[in-house]
Amino acid sequence: MTLCGGHFNPATTLATFISGGLHIVNLLCYIPLQIIGAIIGAAFVRACLYEPTYSEIKGGASVFRGNHRIDGFNEWMIVNNWDTSPYLGIITEVIMSFMVFAAYLQANIDDRRSGKRKEPLVYGLAITCVTLASFYTAGAGFNPAVSFGAAIVSEQWADHYVYWAGPLAGAGIAALFFRIILGDEEKRLLC
C-alpha cells in the first residue's frame, strides 16, 4: 500500500471517508487527482495501441454490454448481448460495488484484527469475482475515474452515468452498512 492507502478509485475514497477512515481534506485531494491520473492513463493507452485495436475495444471505456444499442467488442458479444436496460445496469453496479467495497472496508478499515494487518488480497479477490459476474451485463466498471478517463479520450459516452451512479451508490451503501452494523467499536455509529 502506498502512503495514500492505495486509493485509485473515487468510490473507494468515498466509502473510506463515510466509514470514518479518511479525513475530508484527503477526500477533496484524492478525487481530482484520481480523475487526472485516469485521463493520463487513458491517453497513454491510446498512444500505445494500434488504431484499429483501440477502436475495436472502444478505448477501454466502460460499455454497458447488456444494451443492443452498443455493438459488442467482437462477434460473440454482438450475438450474445443481453437485452437489459441501463437502469438494470445501475442496479447491478450498485450490488456488485456494495460487495467490493464491503470487502475493502472489512479488510482495510476495520481495526479489530490482531496486528492490524491490511489485507489487499481480499479486495482484489472481491473485484475479480464481481467482474466475472457482471462483465457481460453491466460492463464491470467499478472505478468511476477509469470510466471517465477512458470516455474522455475515446469519446465513448453512451450510458456513461451508469459507471458513476452505480459504484458511488454501492460505495455509500457499503460504508453506511459498515458504520451501522459491521464496523469496529470506534467506527460504528450504533453500539
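This is a predicted model: local features need pLDDT of at least 70, side-chain atom pairs count only at pLDDT 80 or more; totals for chains, interfaces and linings use all residues.

Me: Start with helix 1. Which of its residues are buried?

Reply: Helix 1 covers residues 10-18, and the buried ones are Pro10, Ala11, Thr12, Thr13, Ala15 and Thr16.

Me: What covers them?

Reply: The cover includes helix 2 (24-48), helix 5 (86-108), helix 6 (120-134), helix 7 (144-154) and helix 8 (162-182).

Me: What caps the N-terminal end of helix 1?

Reply: Asn9 does, with a side-chain oxygen 2.8 Å from the backbone nitrogen of Ala11.

Me: And just after helix 1, which residue takes a positive phi?

Reply: Gly20, at about 90°.

Me: Back to Ala15. Why does it count as buried?

Reply: Ala15 counts as buried because its relative accessible area is 0%, and the cut-off for buried is under 20%.

Me: What is Ala15 in contact with, leaving aside neighbours within four places in sequence?

Reply: Phe101, Leu105, Ala171 and Ala175.

Me: Change of topic, the surface. Which residues form a nonpolar patch?

Reply: Leu88, Ile91, Ile95 and Met99 form one, and together they have about 350 Å² of accessible area.

Me: Where is Ile91, and is it buried or partly exposed?

Reply: Ile91 is in helix 5. Ile91 is partly exposed, at a relative accessible area of 46%.

Me: Next, Ser154. Where is it?

Reply: Ser154 sits in helix 7. Ser154 counts as buried because its relative accessibility is 12%.

Me: What does its side chain reach?

Reply: The side chain of Ser154 reaches the backbone oxygen of Ala150 at 2.6 Å.

Me: And which residues does Ser154 touch, not counting those up to four places away in sequence?

Reply: Ser154 touches Arg46, Tyr54, Lys58, Gly59 and Ala61.

Me: Now the rings. How many aromatic pairs are there?

Reply: The count comes to 4 aromatic pairs. One of them is Phe98 with Phe177, an edge-to-face pair at 5.7 Å centre to centre and 75° between the planes.

Me: Where do Phe98 and Phe177 sit?

Reply: Phe98 is in helix 5 and Phe177 in helix 8, 79 residues apart, and the pair links distant parts of the chain.

Me: Give me another pair.

Reply: Tyr104 and Tyr123 form an edge-to-face pair, 4.9 Å centre to centre with 65° between the planes. Tyr104 lies in helix 5 and Tyr123 in helix 6, so this pair ties together parts that are 19 residues apart in sequence.

Me: Buried or exposed, for those two?

Reply: Tyr104 is buried, with a relative accessible area of 4%, and Tyr123 counts as buried at 16% relative accessibility.

Me: Which residues do ring pairs link into a cluster?

Reply: Phe148, Trp157 and Trp164.

Notes. Residues are numbered from 1 along each chain as its sequence is written. Side-chain values use heavy atoms; hydrogens and water are left out. Buried means under 20% relative accessible area, exposed over 50%, partly exposed in between (1.4 Å probe, protein chains only). Helices (H or I, at least four residues) and strands (E, at least two) are DSSP runs, numbered from the N terminus. Contact means heavy atoms within 4.5 Å. A polar contact is a pair of N or O atoms within 3.5 Å; within protein, one must be able to donate a hydrogen and the other to accept it, and residues adjacent in sequence count only if both atoms are side-chain atoms. Patches are made of residues with over 30% relative accessible area and no salt bridge: like charges are joined within 9 Å, nonpolar side chains (Val, Leu, Ile, Met, Phe, Trp, Tyr) within 5 Å. Accessible areas come from the Shrake-Rupley method with a 1.4 Å probe; for residues, only the protein chains shown count as cover. A salt bridge is a side-chain nitrogen of Lys or Arg within 4 Å of a carboxyl oxygen of Asp or Glu. Rings of Phe, Tyr and Trp (its six-membered ring) pair if their centres lie within 6.5 Å; planes under 30 degrees apart count as stacked, over 60 as edge-to-face and the rest as tilted.
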